[in-house]
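Please brief me on this structure.

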Amino acid sequence: MADIKPFRAVRYAGAAGSLTDLVAPPYDAVDEEERAALYSLSPYNVVHVTLPESAEEAARLYHAWLEEGILESEESPAQWLAVEDYVGPDGVARQRHGLVVSLLAAPYGTGAVLPHERTHPRIRDERLELLRALRVQPEPIFLLADAAIPLELPARPADLEVGGTRLWRTHNGSAPGLETAQLLVADGHHRYESAVALGEELDAPVRIMALVVSVEDPGLHVFPTHRTFSGRPDLREPAGAQRCDSLEEALALLALEPDGRAAAVAFRRGGIELVRGAEGELDTELVDRHGLDGIGYTPRADDVVAAVDSGLADVAFLLREPRVETIFDAARCGRRMPPKSTYFFPKPLSGLLFHPVTT
């Protein structure tokens, strides 16, 4: 059972300006161009501490913001009800509900929290360096719970609102539905693992902020991450799989493939194929047979098709939407999926709440 409780959040004060100018996507969803734009948007934008010039500079800024009243601490611990209105990569509007809580960062071996994707040591070490300096978490990780979470939308206006995200403070000391739930990292593996590592360094409990969403929430949706390969002449020609006359035909056949066997659509200017893998193999593992040289990722099918049509990519592999049950089953068996096997959208915003990691 995971150790979950309310927390005393740190928040932007009115002196910081409009929340619209202060929040940002999480660090791994911000490219260099967007980072530069957010840097210039406000000297207090959260990206100054999530993607800083250095870990030391991030820590200096954070403490300066506290001293100057740009950030202030909540008077009492709370959990936060989160409602996110969004339009996914498929163009469908949805509403996702969750609970923002404080979570003890325990090693995966305890079984309290399970991972589902493989991580990169370099990225984990970078996040650890930042967390070691900051001692505060400016963005929540995203967890799934395999149980219902009873959430009642308050009648009053949200305490925080920006874009499609609304947060309500709740002083309920319990986390209904989470007492016995199995939790799984949907997004934020590197941040979770860096928190565990910091706890081991300090030989003290380290807690982090997490948005927890039930697998039963109707607004939860997992999108595929399609692949392209560029600079790969070895992949330009059809490979002898089942040929299809059109992309529509190939995608229709892909949808009929059994869940327990890997499959993908290979789209090339020279032809379209339905590619099948082995029983028990994941769709991403089937594509990963080609290695990572020249690979690109996007959740938008139109983008990978356009990349091939324009000659920017040699081949595109279009994948099926991962099933939450498949993700949980693999995690419970201790099986890690390849990176970018899933695309959980939207990613929780950074900067709405800050969570000190040690108390």
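The points below cover a sheet and its helices, a helix pair, the cavities and the pockets.

This is a predicted model, in which local features need pLDDT of at least 70 and side-chain atom pairs count only at pLDDT 80 or more, while totals for chains, interfaces and linings use all residues. Residues are numbered from 1 along each chain as its sequence is written, and side-chain values use heavy atoms, with hydrogens and water left out.

**Sheet and covering helices**

- Six strands form an open sheet in the order 15-17-16-19-14-18, with antiparallel pairing. Helices (H or I, at least four residues) and strands (E, at least two) are DSSP runs numbered from the N terminus; two strands pair if DSSP finds at least two bridges between them.
- Strand 15 (242-244) and strand 18 (295-298) are the edges; each has a single partner strand, so one side of each lacks a neighbour in the sheet.
- From one strand to the next, the twist averages 25°.
- Seven bridges join strand 16 (261-268) and strand 17 (271-279) in the antiparallel sense. Ala263 has Arg276 of strand 17 as its bridge partner.
- Helix 6 (247-256) lies across strands 15, 16, 17 and 19, at about 175° to strand 16. Axes are lines fitted to C-alpha atoms, for helices over the stretch in contact, and angles run from 0 to 180 degrees between N-to-C directions.
- Helix 8 (301-309) lies across strands 14, 16, 18 and 19, at about 160° to strand 19.

**Helix pair**

- The axes of helix 3 (55-68) and helix 4 come within 8 Å and cross at roughly 35°.
- Ala55, Ala58, Ala59 and Tyr62 of helix 3 make the contact with Glu129, Leu130, Ala133 and Leu134 of helix 4. Contact means heavy atoms within 4.5 Å.
- These contact residues divide into seven nonpolar, no polar and one charged. Ala, Val, Leu, Ile, Met, Phe, Trp, Tyr, Cys and Pro count as nonpolar, Asp, Glu, Lys and Arg as charged, and the others, Gly among them, as polar.

**Cavities**

- There are two cavities of 30 Å³ or more. On a 1 Å grid over the protein atoms alone, a cavity is a set of points where a 1.4 Å probe fits but cannot get out; a pocket is an open set with protein on both sides within 12 Å along at least five of seven lines; lining residues have an atom within 4 Å of a point.
- The largest cavity has a volume of about 140 Å³. Grid points are joined across faces, edges and corners, and a volume is the space filled by probe spheres set on the points.
- Helix 4 gives the most to the lining of the largest cavity, with four residues. That lining divides into six nonpolar, three polar and three charged residues.
- The second largest cavity holds about 120 Å³ of space. Its lining has ten nonpolar residues, one polar and one charged.

**Pockets**

- The largest pocket holds about 1200 Å³ of space. Of its 44 lining residues, Asp28, Ala29, Asp187, Lys340 and Lys347 lie nearest its centre.
- Helix 4 also gives the most to the lining of the largest pocket, with four residues. The lining has 19 nonpolar, ten polar and 15 charged residues.
- The second largest pocket holds about 400 Å³. Its lining numbers 21 residues, with Asp259, Leu282, Asp283, Pro322 and Thr326 nearest the centre.
- Helix 9 supplies the largest share of the second largest pocket's lining, three residues.
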